[in-house]
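Dear colleague,

I am passing on the structure below, with an account of what I found when going through it. Please read the notes alongside the coordinates.

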Amino acid sequence: MGARLPFDLIRMHEQVSSPPERRIKASVQRMSGYVPGEQPASADIIKLNTNENPYPPAPGVADVCHDFDLDKLRQYPDPVSAPLCDQLAGLYGCHAENVIVGNGSDEILALCTRAFVEDDQKIGFFDPSYSLYPILSDIRDVPVVVTPLGDAFEWREPVVDGCGLFMLANPNAPSGLSIDSARVRAFCEAFEGVVIVDEAYAEFADDHCLALALELPNVLVVRTLSKSYALAGIRLGYALGHPALISALMKIKDSYNVNALTQAMASAALADQDYLVATVSRVKATRARLQEALQALDFDVVPSQTNFLFVRPTHRRADALFAALRERNILVRHFTDERVCDYLRISVGTDDEIDALLRALKDIQSS
Ligand SMILES: Cc1ncc(COP(=O)(O)O)c(C=O)c1O
């Protein structure tokens, strides 16, 4: 006993004196984490900053919540969400083997970086695009190849040297612009690696790439219930594609990646396609009205195929306008990256919320 004491003391000293950072992977130390849009605690704020749907989810979702048998929570959920995959396959005219569901589409995007990129490969995406892509690449600890979009955020031929994976948000965020599916097809056919077509906003758009996912062996279309189905809080995303790609993702996902309540609520939402169509067309009508009103107030507005508008104020700096709106309890999104710092991203809210926004903008302009 006595002989071991000095040794233990040395070890204790070493533990105290070596900084905890030394135990963290160098790549994790270097990276910065994803910065989500603010989720304010106050209900008084008009929240137009994270592209949530301003309308409630389909009525069947509330019924599921009310009637949910709490005894089911004792047990683990279905590990592969089989009924939900069957339902999605039915909706899109494919097989359950073409479908995986995840804890939001963010989880599926992360799985793709692990399944389809070798350690000596890279991940490609456009700039600007979904700000999570570079973070996921940092987590995966591989280099990125960034293709700058044109001055008006239009398509540029992607640079893909050394890439095993290309992440393509279509419609794009934060611009809201959509890329023609024929052009996406030509790119996917020419690319050796896997293309993720991230269709988080597809239900608000005129075009989509589902056919590519079901026809080409290297394309996954990823969608979410967070936006058009008004269910960001339950975290449900899914991917459609070739069974080989899907089963690769199945192998590496968390065993129980979608909880039981989410599986049940998502199923109720997907079952009510009439409600989806009605909600989406309400949002699109408000989007058109907001675009016109902002143009009348001298904003440059990027044509949107999503539930948000990317706009450039011409009379005041974007960061100042963001702050002035914040003072009036209206929250929009401002990104500080050089490429987009002159813009604000405004989610399409209810008509009342948009009226309040327009009143505030007029008030700020006249002050
Ligand atoms: C382009 C894009 N993809 C994916 C997501 C994430 O969706 P989910 O809520 O399903 O994780 C978002 C969310 O804002 C997004 O803008």
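**The ligand shell and its surroundings**

The shell around the ligand is made up of 13 residues, of which Gly104, Ser105, Asp106, Thr224 and Ser226 are the closest; please keep in mind throughout that this is a predicted model. Helix H5 (residues 104–115) contributes three residues, the largest share of the shell.

Turning to H5 itself, 10 of its 12 residues are buried, so the helix is largely enclosed by the rest of the structure; the buried residues include Gly104, Ser105 and Asp106, which are also among the residues closest to the ligand. The length of H5 agrees with expectation, because 12 residues at 1.5 Å a residue should span 16 Å and the C-alpha atoms at its ends are 17 Å apart.

The other element I looked at is strand E8 (residues 237–241), where five of the five residues are buried. In a regular strand the side chains alternate between the two faces of the sheet. For E8 both faces are covered, with Gly237, Ala239 and Gly241 buried on one side and Tyr238 and Leu240 buried on the other.

E8 runs antiparallel to strand E2 (residues 99–102), to which four bridges join it, and antiparallel to strand E7 (residues 219–224), to which five bridges join it. Tyr238 of E8 stands opposite Val101 and is also the bridge partner of Arg223.

With best wishes

Note on methods. Residues are numbered from 1 along each chain as its sequence is written. This is a predicted model: local features need pLDDT of at least 70, side-chain atom pairs count only at pLDDT 80 or more; totals for chains, interfaces and linings use all residues. A residue is buried if 20 or more other C-beta atoms lie within 10 Å of its own, exposed if 12 or fewer, and partly exposed in between; C-beta atoms are placed from the backbone. Helices (H or I, at least four residues) and strands (E, at least two) are DSSP runs, numbered from the N terminus. Two strands pair if DSSP finds at least two bridges between them. A residue is near a molecule or strand if its C-beta atom, placed from the backbone, lies within 6 Å of it. The expected span of a helix is 1.5 Å times one less than its number of residues.
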